[in-house]
Every structure is written in structure tokens, then in C-alpha cells.
Amino acid sequence: MIDFRYDTQLLIDGENLDEDAINEYFVKNFEGDCLLAVGDETCIKIHFHTNEPWKVLEYCSTLGEIYDIVVEDMDRQSRGLRG
């Protein structure tokens with residue numbers, strides 16, 4: 001059984017991005033696991049498993065331009081369907 005259904009990945013293009021602050025925000029405000037927020041001051045890669053990917057997208061869009069957005073349904077994938 002999958003606790004967090006959606007594998008959410010994206011890139012954030014911005015200025016003065018702080019991966020530590022982004023990590024902290026995720027931990028305090030979102031339910032999920034497998035968090036990865038890495039990069040530098042101008043580009044951060046996000047990878048996160050959650051049941052509410054729209055909240056991740058909404059937050060990340062406040063930090064800069066988001067692109068290369070992928071949201072995959074891991075429950076469907078585990079049943080052999082396209083995610």
C-alpha cells in the first residue's frame with residue numbers, strides 16, 4: 001500500500017533560492033515523504049511524494065518560475081497502469 005500516491009517533480013527557476021528554507025517549509029507544511037530539494041540560488045529541483053501535489057505546485061510557484069513539472073500516480077503504476 002502506498003501512503004503518498006503522487007510522485008511530484010519540478011524545477012524552480014528564481015533568484016536567491018534557499019534549498020534549506022524550502023526543505024524546512026515542506027517538512028512543516030506538507031504531508032509526504034521522499035523529499036529532495038537541491039540546487040543553487042537560481043535553480044532548485046524538487047522531488048516529493050504526496051497526496052496533494054497541487055499544494056506543492058502552488059507553493060513552488062511563489063518562489064519563481066516552475067517548469068519540467070511531472071506528477072505521476074504511483075498507485076496506478078503499481079497496478080501496471082500508466083501513471
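**Exercise 1. Find which residues of helix α2 are buried and which are exposed, and work out how the buried ones are arranged around the helix.**

Step 1. In this predicted model, helix α2 covers residues 53-61, and the buried residues in this helix are Pro53, Val56, Tyr59 and Cys60.

Step 2. When one looks down the axis of α2, the buried residues fall within an arc of 125°, so they line one face of the helix.

Step 3. Turning to the other side of α2, one finds Trp54 and Glu58, which are exposed.

Step 4. The cover over the buried residues of α2 includes the strands β1 (6-13), β3 (43-50) and β4 (65-73), together with the helix α1 (19-29).

**Exercise 2. Describe how α1 and α2 cross, and state which residues meet where they touch.**

Step 1. Begin with the axes of the two helices: those of α1 and α2 come within 12 Å and cross at roughly 145°, and the crossing is right-handed.

Step 2. Next, list the residues on each side of the contact, where α1 contributes Ile22, Tyr25 and Phe26, while α2 contributes Val56, Tyr59 and Cys60.

Step 3. Sorted by class, the contact of α1 with α2 has 6 nonpolar residues, with no polar and no charged ones.

**Exercise 3. State how many aromatic pairs the structure holds, and examine the pair of Tyr25 with Phe30 and that of Phe26 with Tyr59.**

Step 1. The structure holds 7 aromatic pairs, and among them is the pair of tyrosine 25 with phenylalanine 30, whose rings lie 5.7 Å centre to centre with 70° between the planes. Because planes over 60 degrees apart count as edge-to-face, this pair of tyrosine 25 and phenylalanine 30 is edge-to-face.

Step 2. Consider the accessibility of these two partners: tyrosine 25 has a relative accessible area of 33% and is partly exposed, whereas phenylalanine 30, with a relative accessible area of 14%, is buried.

Step 3. Phenylalanine 26 and tyrosine 59 also form an edge-to-face pair, at 5.9 Å centre to centre and with 80° between the planes. This pair links distant parts of the chain, since phenylalanine 26 belongs to helix α1 and tyrosine 59 to helix α2, 33 residues apart. Both phenylalanine 26 and tyrosine 59 are buried.

Step 4. To complete the picture, note that Tyr25, Phe26, Phe30, Phe48 and Tyr59 form one aromatic cluster.

**Exercise 4. Determine whether isoleucine 44 is buried or exposed, and list what this residue touches.**

Step 1. Isoleucine 44 lies in strand β3, and its relative accessible area is 0%. Because buried means under 20% relative accessible area, isoleucine 44 is buried.

Step 2. Leaving aside residues up to four places away in sequence, isoleucine 44 touches Leu10, Leu11, Ile12, Leu17, Glu19, Ile22, Ala37, Val38 and Gly39.

Step 3. For a distance across the fold, take aspartate 18, which is 26 residues from isoleucine 44 along the chain, while the C-alpha atoms of these two residues are separated by 8.4 Å.

Note on methods. Residues are numbered from 1 along each chain as its sequence is written. This is a predicted model: local features need pLDDT of at least 70, side-chain atom pairs count only at pLDDT 80 or more; totals for chains, interfaces and linings use all residues. Side-chain values use heavy atoms; hydrogens and water are left out. Buried means under 20% relative accessible area, exposed over 50%, partly exposed in between (1.4 Å probe, protein chains only). Helices (H or I, at least four residues) and strands (E, at least two) are DSSP runs, numbered from the N terminus. The arc is that of the directions from the helix axis to the C-beta atoms. Contact means heavy atoms within 4.5 Å. Axes are lines fitted to C-alpha atoms, for helices over the stretch in contact, and angles run from 0 to 180 degrees between N-to-C directions. A crossing is left-handed if the near helix is turned anticlockwise from the far one by less than a right angle, and right-handed if clockwise. Ala, Val, Leu, Ile, Met, Phe, Trp, Tyr, Cys and Pro count as nonpolar, Asp, Glu, Lys and Arg as charged, and the others, Gly among them, as polar. Rings of Phe, Tyr and Trp (its six-membered ring) pair if their centres lie within 6.5 Å; planes under 30 degrees apart count as stacked, over 60 as edge-to-face and the rest as tilted.
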